[in-house]
Amino acid sequence: MGLAIEPGKTRIGWIGTGVMGSSMCGRLIEAGYSATVHNRTKEKADDLVAAGARRVGSPAEVAAASDVVFTIVGYPRDVREVVLGPRGVLSTAAAGSVLVDMTTSEPTLAVEIAEKAGAKGVAALDAPVSGGDVGAREGGLSIMIGGDEAVADSLRPLFEALGRTIAFQGPPGSGQHTKMVNQTLIASGIVGVCEALLYAHKAGLDPETVLKSVGSGAAGSWALSHLGPRIIAGDYEAGFFVEHFLKDLGIALSESRRMGLVMPGLALAEQLYRAVAAQGMARKGHQALILALAELSRVDWKGGKGA
């Protein structure tokens, strides 16, 4: 069973108003839902408060005022604190309410949360997303959902305000496993984009003209069409932080080991991203990988033409 969702009546709670969360919560406010918000750094919720959200001092206060609580924070340890901690969501969430964790986190933690929430009569979904800062702003995210399918279906009006592709994947933890598939695909894909652009640069080609030739064929990809122009323009600001991507790759590698899978491509990509962080770019976007690869070859990469 699930909730009856209705703008103006359903009370939304939002915990985590960073690069992704602020835009996502803002879309729900624009859709007519009242919102109670909390973020560890208070100032990051200022825009939402200006849009009509009510700011409170703890996850527990969010849950006490909400029918549906969304969380999107940094790391599994943060999820554990805001959901299961002494002042966490489950300390005050009412029976019949729903918790939706949209953080990319550990599948095993999603299962634990679902079990502990269920014991209190609270439904819990793990619903990580893909699409980055642009997808969050434009409502174009892909949402991968694990948990109770009836509950997920009842929240569809909320999910539709946030994303374009909404897919129920299975029982608790299934959304997180799907996100690990997504991150595995992205990890090696971005390596290919960066290596290809370095090759073009070193060969004396104009990278923008190269993109026109290769972007629409078999080599085309989301990473090439969205991150390629940022790389060429020298824009390494984060739509998604390198340090968070490393967290995701660590989870994927841990899960692959648990399942007895050999994942050499994923392991290599994770090591390359460690090099990005080691060069002081952990808070840059994952397209900053090209700078680390350029350093390995002593290439003066500025996104321009020639070696």
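Trainee: Is W14 buried or exposed, and what makes it so?

Mentor: A residue counts as buried under 20% relative accessible area. W14 has 0%, so W14 is buried. Keep in mind that this is a predicted model.

Trainee: What about F70, buried or exposed?

Mentor: F70 also has a relative accessible area of 0%. That is under 20%, so F70 is buried.

Trainee: How many aromatic pairs are there in the whole structure?

Mentor: A search finds three. W14 and F70 form one of them.

Trainee: Why is the pair of W14 and F70 called stacked?

Mentor: Start with distance. Ring centres must lie within 6.5 Å. Here they are 4.9 Å apart, so the rings pair. Next comes the angle. Planes under 30 degrees apart count as stacked. These planes are at 20 degrees, so the pair is stacked.

Trainee: Which parts does that pair tie together?

Mentor: W14 lies in strand β1 (residues 11–15) and F70 in strand β4 (residues 68–71). The pair therefore ties together parts that are 56 residues apart in sequence.

Trainee: What makes F245 and Y273 edge-to-face?

Mentor: Their ring centres are 5.0 Å apart, within 6.5 Å, so they pair. Their planes are at 80 degrees. F245 is in helix α12 (residues 242–258) and Y273 in helix α13 (residues 264–278). Both F245 and Y273 are buried. Together with F240, they form one aromatic cluster.

Trainee: How do you know that R283 lies over the face of F241?

Mentor: R283 is at 3.8 Å from the ring centre.

Trainee: Is R298 buried or exposed?

Mentor: Exposed means over 50%. R298 has a relative accessible area of 65%, so R298 is exposed. R298 sits in the segment after α14 (289–296). R298 also has a positive phi of about 55 degrees, although R298 is not a glycine.

Trainee: Last one. How does the radius of gyration of the protein chain compare with that of a compact globule?

Mentor: With 307 residues, a compact globule would have a radius of gyration near 19 Å. The protein chain has 20 Å, so the value agrees. Buried residues make up 52% of the 307 residues.

How values were computed:
Residues numbered from 1 in each chain as written. Predicted model: local features only at pLDDT ≥ 70, side-chain atom pairs only at ≥ 80, totals over all residues. Heavy atoms only, no water. Helix = DSSP H or I, 4+ residues; strand = E, 2+ residues; numbered from the N terminus. Buried < 20%, exposed > 50% of the residue type's maximum accessible area, 1.4 Å probe, protein only. Phe/Tyr/Trp six-rings, centres within 6.5 Å; stacked < 30°, edge-to-face > 60°. Lys NZ or Arg CZ within 6 Å of the ring centre and 35° of its normal. Rg over C-alpha atoms; globule rule 2.2 N^0.38 Å.
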